[in-house]
Amino acid sequence: MFKIEDLIVACSTVIAPPQQVGADKRRDAEEYLLEFRRKASIQDCGDILRNCQDAGVRFQAAVSLKSAFARESVELTSEALIQLALDLLQLIEKSDCSAQVREQLVMIVAIAVKRNSGQNNDSKGLQIVQQKVQEFASSSQPQGQVLAASLICAVVQEYSGTGKSSVIGLSIEGHQKAKKYYENHCLSDNFTLVMKFLGHLIENPQGVQNFMMVKKFLEIGYLILSWRFAHGKASRISLMREDKTVDVMFNPPDSWKGIVTSGDFLKVWFASHGIVRRSPELGSISASCIQQICSMKGSCLHEHETEAQWAASMIELFRGNLPNWMPAQEHESTGLSHAFKHFIENRSVHIWMMIESYFPPFLSCLAQWTCSMVENAKKSEEYQQGLDFSTDAWIYVMTNFATTDALASIVSPNSLQVWKAWVWSKLSPPDGERIDRDDDDEEIDELEEDDAIVFDTQLAAIGNMARLSISDTMTHLGLLLNKRLDEITITLKESGAVRTSIWEDVHWIMLSIGHMLADETDSGEMKYIPQEIMNASLKQNASTANNIVNSQDITTGLIGVVFKVMQLEKAVMEANIIGHWSPQASEDLRWLLQRIAEAYLWFEEDHFKTVSPAIQSIFGRDTPSALNLLDEIVEFSLLTFSAWSGEEKILTGSAETLMSLLKKSGKKAKLVGENVKFWSIAEIFCREPDCGYSRTPVVFQRHLMRVILTAGSSGGLPTLQKLGETIKPLQARFARLANASFSNGMVRNELVTILERLTGCVEGVTPDNADSVAEFVLPFIQEMPSIVQAVRGSSDISIQIFTLCASIASRLLAYLEEKRTQPFLHVFLEVLKTHSRWNQGRNLADMDDETVEEFTQIIALITKVLDVEVFDFTSPAKENKTGAGDSFVSPAEVSLAGLTIVLPLMGTEGFNYPSLAIAYFDLLNSLCELYPEKLAKLPENLFTPFMQSLQLGITHFGTDAMKIALESIEALSNFFLKAKSVGDYPQNLGDSLISLMPFVFDSLLKYASDYDMLPICLASFLHLATSFPTKFTILIQERSAQCTDNQKQRIQGKVLMKR
């Protein structure tokens, strides 16, 4: 069918220069080669490989042979598979076989022998390949050793997987069976061969010049060291559950004990790494191999004495080789840092106690390596990642091995060395080595993450290290910050610009102080003074003081420096010269004040067995010093609201500082709630339409309103009354809009401002104030339908209204009795209906970000209404349930009203926005589970796009959307099956579900080996097959049309007959 001459012409045409071949001719040649790849048989490809000398044609034949094998391998007998492997081995041995062709052919050899062993239980082909490997490896010719390495690499790579990762068409059980046989009979031999090669390389270091061969053997070593050993018989489900994204520890079976615990095992890998580490590619692979070796655990090391001896040998090798590995190479930094992390984490405390004398030397090695990562971290991302792994190892050390004073005394000298190096790297000369780029050369990325997030692992480790050596670190940080404060003060007095390097220093010093003073925990958890800091203060035994300035305690002294920063910035704000202050320093200061306000100020004395008198006298509840510090923080935060009016992060940071003080009810929160200045600002904020606070970022305005609500709930009846008086002017402002024209820009801005204030109110709801907030907000909400009508459903106002409604549904309604939720549901329903009337015929072909946000908020409203647990979702609509004249509104009615807006417009254009698509499918899933009967009765103009969107969810988007769509189909088909059993089923739903069957079946085949996807694919298809047995039979027959007769018989027997 395919002639060699034609293939030669096609290959020549494809690679010919444009001036020699036209576009049409080149396209024809490409299509001919693609057709060859699709239709050529194994016999065709074999003949070409044996008889053609053209390099391009031979490569096309090799690639096409792999495709042909996938099509024909089902029909190949055991003898045919073995013969194919033999024929290919002969081709590989020939001198005219190029490296590119050989790479393809060895892969097919590996696939053929694996299929034979997995399907036919015949290991003869594998044995032949193993014999060839030994034959090639023992050859004195370099070419023979390359062939051995290529074969082993292909075979190991093919047998290592248990999923359907290759094109050999085996079941998961077949893959596992083949892998288990190879693991038991061949893997250790191949690993030994790798070890012998590396031993030869150590004896003859010049062999590293044979780059490709060394690389192949190192790759084989890494594949085997990363092998997922099957300990016992694994079930199909457990194999599917395997998370391939998780690092695999080296866990060889007991039969490998002689190999991995021998004296040469570790030496070979460390010595060979010393030879290849200067090569970026070889060094990277070799470092990854050492990483895997350090992770070793399991039955080979189940005897404590054996593991202790093994660990001691590993430490000796680290000690002996580390000086020669300095400075660390970029390409080895990640692998070797990970090696340290694995080694420390995979050895139990008991093992470390057995080799107690080796622990300090190991920590010294870890400290040296980490310092090397610190020194080079600024050079590349790889060094930075290496530093992350190294500091992660330190966190484990400090958490598990610094729990007593004796152990801490062993860890602290080395951790202090790392701490000093890290701080040195972050500061500018003369206190460090950081070199700043010129301002003109620095690109500012607005989307760049904060350093506190980017360097979270490092900062957590540095904070822990600092607490192990408090007397050194606190004093040093205090001096460093004081020094910068002095320079900033002098510069500001001279009306000069503070050097950028000084602000950068302040940034890193504050981050260091913050992570030392309090642990980084989830924002929902309370922060406490770390026990190490309390112990250090007790040990110092400083005298008590009446203010922070006079305190001699080391901890209060450092926090006193932080308050000096706050006082200096306060003076800058009062002098209205914030243009000379760093916004980043302001953000950092507020972040630090939040930690101090929560963990130290009015700290939980009951949390500690013994409290330091020095700390208690400064921060303890009801002490004069604590009262004064509380007032200073509040006053500073309030001043920020007017001084930094355009800086969102600084403003929200100040608001969150106040929230930290209000976080737990009690005297501290009550004092904040009684602050006169705070309520003065709150009154202006709520009363005056054009005050300075109204020109601050919207996000901050919501935060401020939440603070106002929380403060009002903190002091009992007096603060609640003050809250009511403060927010009441919003009603008057809103009433003035009744007769205004919403075409006026100022009117629209005022409306948006009020809606933002109301949203902030709702976000500050607690169980204690929910009823009063509902009473306040309801009159505003009841006017929303008329506002939607007045603005004709325009997106800018609709976004604000739906955002407010969604916040009410998610934050307020859950705290209200069902009777009190009804007015809100009535409003939601009317808002959606009014909006729908103004959006009929809308086209989303030109969807923009504002429209996406509008639809996202509509979907959020519908979803949050469904999430409120107080509703009886199974109850039908009832008349006069509330006792009033209005009919009862169910969540279903609100949801379906929202669907009338969303469904006609949600097409492929809307699905191009991932956040909108996921929100939409989540909503559909909830509706399908709760109200399938209502969805089945949707009007045709809504039902059709609804079902089409489910099809799009299966076929056009990622697995997240697909999973949700399949869950929706399962719920609908389950409802249909139950309705069908009683003879009352909606025909339109049945027809639509039938049309979805092929797509669900295809997803079942595609994700047959994906444990996350398979259950839902199977459940969805099972309900469909049970509901429509005839259609199921037709579908299976159609899908099996291209199968062999033998396969058709198996399908007939196992699927259709058992149906």
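**Exercise 1.** Does Tyr920 count as buried or exposed, and at what relative accessibility?

Solution. The model is predicted: local features need pLDDT of at least 70, side-chain atom pairs count only at pLDDT 80 or more, and totals for chains, interfaces and linings use all residues. Residues are numbered from 1 along each chain as its sequence is written, and side-chain values use heavy atoms, without hydrogens and water. Buried means under 20% relative accessible area, exposed over 50%, and partly exposed in between (1.4 Å probe, protein chains only). At 0%, Tyr920 is buried.

**Exercise 2.** Classify the pair formed by Phe343 and Phe362.

Solution. Rings of Phe, Tyr and Trp (its six-membered ring) pair if their centres lie within 6.5 Å; planes under 30 degrees apart are stacked, over 60 edge-to-face, the rest tilted. The structure holds 39 such pairs. For Phe343 and Phe362 the centres are 5.3 Å apart and the planes 55° apart, giving a tilted pair. Phe343 lies in helix 17 (residues 330-345) and Phe362 in helix 19 (residues 359-376), 19 residues apart; helices are DSSP runs (H or I, at least four residues), numbered from the N terminus. Phe343 is buried at 0%, and Phe362 is also buried at 0%.

**Exercise 3.** Why is the pair of Tyr920 and Phe921 edge-to-face?

Solution. The ring centres of Tyr920 and Phe921 are 5.4 Å apart and the planes are at 65°, so the pair is edge-to-face. Phe921 is buried, with a relative accessible area of 1%.

Technical notes. Helix = DSSP H or I, 4+ residues; strand = E, 2+ residues; numbered from the N terminus.
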